[in-house]
Amino acid sequence: MRDKSILEKLKAFPEFDGAIINRYPAREGLLKFITAGNVIVKWYYRGDIAVQVGDNDDIVCGMRELSDVISEVIQ
């Protein structure tokens, strides 16, 4: 359910239209991420969402702030 909510928020941006969720097993659980250009959005089943632009550090946010963070990094 959370994956679907994150995907719906991201698909509001044309850069993420048609993006699919990739999965990678990690020590903390199943890491899920979506890539659009040089922007990577990643999250685990629980916890915060991390947005990474290029090689920069992650911007950690919650579900409520995700749209605001994405709109800032895409500009």
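Start by selecting Q52: it touches N38, V39, I40, K42, D57 and D58, leaving out residues up to four places away in sequence (contact means heavy atoms within 4.5 Å). Q52 sits in strand β4; strands here are DSSP runs of E with at least two residues, helices are runs of H or I with at least four, and both are numbered from the N terminus. Q52 is buried, at 15% relative accessible area. For that label, buried is under 20%, exposed is over 50%, and partly exposed is in between, using a 1.4 Å probe and protein chains only. Show the side chain too: it reaches the backbone oxygen of G54 at 3.3 Å.

Before moving on, a word on what you're looking at: this is a predicted model, where local features need pLDDT of at least 70 and side-chain atom pairs count only at pLDDT 80 or more, while totals for chains, interfaces and linings use all residues. Residues are numbered from 1 along each chain as its sequence is written, and side-chain values use heavy atoms, with hydrogens and water left out.

D58 is in the loop between β4 and β5 (59-61) and K42 in strand β3, 16 residues apart. D58 is partly exposed at 38%, and so is K42 at 22%.

How many salt bridges does the structure hold? Two. For the other, select D3 and K32, whose side chains meet at 2.7 Å, N to O. D3 lies in helix α1 and K32 in strand β2, so this pair ties together parts 29 residues apart in sequence. D3 is buried at 18%, and K32 is buried at 11%.

Now colour L10, F16, V41, V51, L66 and I70: these have the most contacts inside the largest nonpolar core, which has 17 residues. Such a core is a set of buried Ala, Val, Leu, Ile, Met, Phe, Trp, Tyr and Cys residues joined through side-chain atoms within 4.5 Å. Zoom in on L66: beyond its neighbours within four places in sequence, its contacts include I6, L10, V41 and V51.

Last stop: R46, in the loop between β3 and β4. R46 is exposed, at 67% relative accessibility. Draw a line from its C-alpha to that of G18, and you'll span 24 Å.

How values were computed: A polar contact is a pair of N or O atoms within 3.5 Å; within protein, one must be able to donate a hydrogen and the other to accept it, and residues adjacent in sequence count only if both atoms are side-chain atoms. A salt bridge is a side-chain nitrogen of Lys or Arg within 4 Å of a carboxyl oxygen of Asp or Glu.
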